[in-house]
Amino acid sequence: MRNPFEYGGVVTGNAFCNRKTERADLARAIRNREKLFVFSERRFGKTSLVQAVLSNLPKRSTISAYVDLWPTDGEATFVAALARAITHSMGSSVEKLLDTARKLFSNLAPSVTVNDEGKPEVSFGLAKHRVVGGPALDEVLETPAKLAKKRGQNVVIVFDEFQQVLEYGNDRVEKKLRSVIQNHREVAYLFLGSRKHLIQKMFMDRSRPLYRAGGHYPLGPIAEEDWLPFISERFAPARKKISRELAHSICEQTQGHPFYTQHLCHAVWELCERGAAVTDRTVSEALQLLLQRENYAYSTLWDSLAMNQRKLLKGLAAEENPVKRFAGHFVQRAGLGSPSNAQRAVDSLLERDVIDRDNGSFIITDRFFRLWIQSVQLP
């Protein structure tokens, strides 16, 4: 039987845990043509969540374009990524893709190739004599509103890893987006971000072009009350049993983080024999197996950290409750010397995505790294 716990990619169907409230909220935002910033830690399932929402939109009356900005590095690649997503949202055959691309994006020299899986893909190349940020950027950003007006369909544009635009070297894309989306009343925009402090800066900092350009929707962990039946129900078909107490233990160790919860459950499911019950030892062995696989990466990361950064992480890993502020007792226990030392360590670890803010406190983003610190670095 195939392992029912999925991680590391877009999770769909029965492998997707809950998020009913979030799905309803995002679907409502799309129907209302809102502009919404959706942000969380990395691997929190934003892409899986939004893909689930998009897949349930009425196909005949909706054009939905999903734009992955992670590979982009400037205005030219941004333009090409958005044009490609819009084109693919309107057809899948070679002829349809090429015809759509030529009609919509005359500035971008479209071409269609067939990938290794036999699926057609459209690509674009800005003519060398054209100025990036000029007509090409204008054309692609105005296209969603033109489609909504011409075709009478609902249009939604999803920008994933939106904080990547901060790496472009200038804020021209942000400025143009601001001027465009505020006039696109017939188009919904979702801006997804996995570096919370950066995505929050984009819409909370008065000096940024997209300041208050839309609402914000922080995505939290999945509640244990949702995980417990989900975990139990996926062990049962293989005649494997897991108690509520052990499912709780898994959630406690992963802190409800979707990726790490699915990953640990995947390992536990593999170690549990058909017809058997999961034991404390099964969970312990599964966790140790995963930590051993990551040991080299975690050791390398640990060696790259300054002493106060290590002390801060040890302090966070040792705390049972969230660290709300750098009060004297925490600074003293962690051996950081002063709150200013703690703050400098926080700033550097935030920049490297090793920790993240969480409702006024701080959390180690990689839940397995936190457990590795507890098992290897704490006395």
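Which strands does helix H7 (residues 196-204) lie across, and at about what angle does it run to S1?

Author: Happy to! Please keep in mind that this is a predicted model, where local features need pLDDT of at least 70, side-chain atom pairs count only at pLDDT 80 or more, and totals for chains, interfaces and linings use all residues. Residues are numbered from 1 along each chain as its sequence is written, and side-chain values use heavy atoms, with hydrogens and water left out.

Helix H7 lies across S1, S6 and S7 and runs at about 160° to S1. Helices (H or I, at least four residues) and strands (E, at least two) are DSSP runs, numbered from the N terminus. Angles run from 0 to 180 degrees between N-to-C directions, with axes as lines fitted to C-alpha atoms, for helices over the stretch in contact; contact means heavy atoms within 4.5 Å.

Now for the sheet beside this helix. Its 5 strands are ordered S2-S5-S6-S1-S7, forming an open sheet with parallel pairing. S2 and strand S7 (215-218) are at the edges with a single partner strand each, so one side of each has no neighbour in the sheet. From one strand to the next, the twist averages 15°.

Strands S1 (residues 35-39) and S6 (residues 187-193) are a parallel pair joined over 5 bridges; two strands pair if DSSP finds at least two bridges between them. Within this pair, Phe39 has Gly193 of S6 as its bridge partner.
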